[in-house]
Amino acid sequence: MARLKVAVLISGRGSNLQALIDACVRRDFPAEIRLVLSNRSDAQGLGRAAQAGIPTQVISHRDHATREEFDVALDAALQAAGVDLVCLAGFMRLLGEAFVERWRDRLLNIHPSLLPAFRGLNTHARALAAGVRFTGCTVHFVRAAVDDGPIIVQAAVPVLPGDDSEALAARVLAAEHRAYPLALRLIAERRIRIGDDGRVEIRGATAAADAVFNPST
Ligand code: GRF
């Protein structure tokens, strides 16, 4: 089966991008990264892509008068690269409804909480303030509302006594680095379907078990 062609959109550090790069270099992995796009020229992740020999492009939101124009430029770059799927990985710009609809069910995001809890920013500080015993991360299809959309993979991590947001973020990030490649693999293997109820169905018993893995075990 042909490998799924993927673009990754970043704004910064790019550690999730790195996890996807590391997965995609495996010859048996069913996806490949064709393009890394950033809205910031100083994004650390651009260096990671260059190191891996992946084409990069910077499209700055500052060069576009409106969000719609920025989105159109992004879309044009993605179309030109001929990608099947777009992975947001720490991409810090909100995408407009037209873009989201155009890439519907071909646009993924990773969020550092167990959605629908703690949408938005500062998830770890908010999880600590709420006193939750577990938090985690979610890979989901993107819908127009922020951090909303059908859930593909989640990983739970415990909140431990003495955690501050940095310690918790590091624990969650390690889970993110496993969850995103897993979600991409499930999609690339064509094992993911969005049911009429809007929920993700995963074909194959082991895949379903994988998708609720607990990285702390
Ligand atoms: C991750 O925590 C991700 O869940 C969130 O932004 C952060 C990006 O980190 N959306 P990195 O750039 O992948 O290291």
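The shell around the ligand (residues with a heavy atom within 4 Å of it) splits into two nonpolar, five polar and two charged residues. For these classes, Ala, Val, Leu, Ile, Met, Phe, Trp, Tyr, Cys and Pro count as nonpolar, Asp, Glu, Lys and Arg as charged, and the others, Gly among them, as polar. Bear in mind that this is a predicted model: local features need pLDDT of at least 70, side-chain atom pairs count only at pLDDT 80 or more, and totals for chains, interfaces and linings use all residues. Residues are numbered from 1 along each chain as its sequence is written, and side-chain values use heavy atoms, with hydrogens and water left out.

**Around the ligand**

- Arg13, Gly14, Ser15, Asn16, Gly90, Ile110, His111, Pro112 and Glu176 surround the ligand.
- Glu176 brings in its side chain, where an N or O atom is 2.7 Å from a ligand oxygen.
- On its own the ligand has 370 Å² of accessible area (Shrake-Rupley method, 1.4 Å probe), and the protein covers 84% of that.
- Two elements give two or more residues to the shell: α1 (15-24) and β5 (107-111). Helices (H or I, at least four residues) and strands (E, at least two) are DSSP runs numbered from the N terminus.

**The largest pocket**

- The ligand takes up the space of the largest pocket, given that a molecule sits in a pocket if more than half of its atoms lie within 2 Å of its grid points.
- A pocket is an open set of points on a 1 Å grid over the protein atoms alone, where a 1.4 Å probe fits, with protein on both sides within 12 Å along at least five of seven lines; lining residues have an atom within 4 Å of a point.
- Its volume, the space filled by probe spheres set on the points, is about 990 Å³.
- Of the 35 lining residues, Gly90, Phe91, Met92, Ile110 and Leu121 lie nearest the centre.
- That lining has 16 nonpolar, 13 polar and six charged residues, with at least two supplied by each of α1, β5, α5 (123-130) and α6 (165-188).

**The second largest pocket**

- This one holds about 150 Å³ of space.
- Ile21, Cys24, Val25, Glu32, Ile33, Arg34, Ala52, Gly53, Ile54 and Pro55 line it.
- By class, that makes seven nonpolar, one polar and two charged residues.

- Pro116 is in the loop between β5 and α5, and a cis peptide bond joins Leu115 to Pro116, with omega about 10 degrees.
- Asn122 lies in the loop between β5 and α5; Asn122 is not a glycine, yet has a positive phi of about 55 degrees.

Notes
A polar contact is a pair of N or O atoms within 3.5 Å; within protein, one must be able to donate a hydrogen and the other to accept it, and residues adjacent in sequence count only if both atoms are side-chain atoms.
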